[in-house]
Amino acid sequence: REKIVGDETKRVESNIKTVPALHVKTLARDMYFEDLLQGGRYCWPDMFLSRNPYGEAPLTALLLFVTPESCQVRVTIPGDIPETEISYCLPDTKYHRIPIVGLYPSRKNKVKIELLNEKKEVLDSRIVPIKTRILPTDLQNIIKPFKIAENPAFKNIMISGGVDIK
């Protein structure tokens, strides 16, 4: 945090409780994750896993790992029905920051991680169990998946603010 905000907060005296701004907290965590990744300690298949990595989205996770050679990564999060399965590929690199979205609450989600070569052939794969906690009451039942067009331009769309695009 000090790297981000410096001495600015020390110059002001107040009896008001200070709370780090969300962007400062997020940037500090992001810097920490990047240091872990660049340190090379977490190599395939022994990955670093952070559930709810930024403290704001309880049904997400972040995987960090390094591979000896550059490769793509395909992530598959199974759904309860075929329409709710999420799958996406991430670009070629040796240093992998894998965002995991679409986890189910209160269960062990079995996320499939695959390493792919340039021809999209599977070099290796692993199932990563990610246990999530129960959602707070105000977040329960707020996401309602539904099937959209057969070949949408964007497979996963996150909508907030009460917009309905059915």
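Here is a short tour of the structure, with stops at its charged side chains.

Before you start, note that this is a predicted model in which local features need pLDDT of at least 70 and side-chain atom pairs count only at pLDDT 80 or more, while totals for chains, interfaces and linings use all residues. Residues are numbered from 1 along each chain as its sequence is written, and side-chain values use heavy atoms, leaving out hydrogens and water.

**The whole chain.** Switch to a cartoon view and follow the protein chain from the N terminus: the elements run α-α-β-β-β-β-β. Helices (H or I, at least four residues) and strands (E, at least two) are DSSP runs, numbered from the N terminus. Of the 166 residues, 28% are buried, where buried means under 20% relative accessible area, exposed over 50% and partly exposed in between (1.4 Å probe, protein chains only).

**E114 and R74.** Now select E114 and R74, which form a salt bridge with the closest N and O atoms 2.6 Å apart. E114 sits in strand β4 (residues 108-116) and R74 in strand β2 (residues 61-77), so the pair ties together parts that are 40 residues apart in sequence. A salt bridge here is a side-chain nitrogen of Lys or Arg within 4 Å of a carboxyl oxygen of Asp or Glu. E114 is buried, at 8%, whereas R74 is partly exposed, at 22%.

**K112.** K112 is partly exposed, at 34% relative accessibility.

**D80 and R107.** Next, select these two side chains, which meet in a salt bridge (2.8 Å, N to O). D80 is exposed, at 51%, and R107 is partly exposed, at 31%.

**Last stop.** Finally, pick D30, E34 and R97, which are linked in a network of salt bridges.
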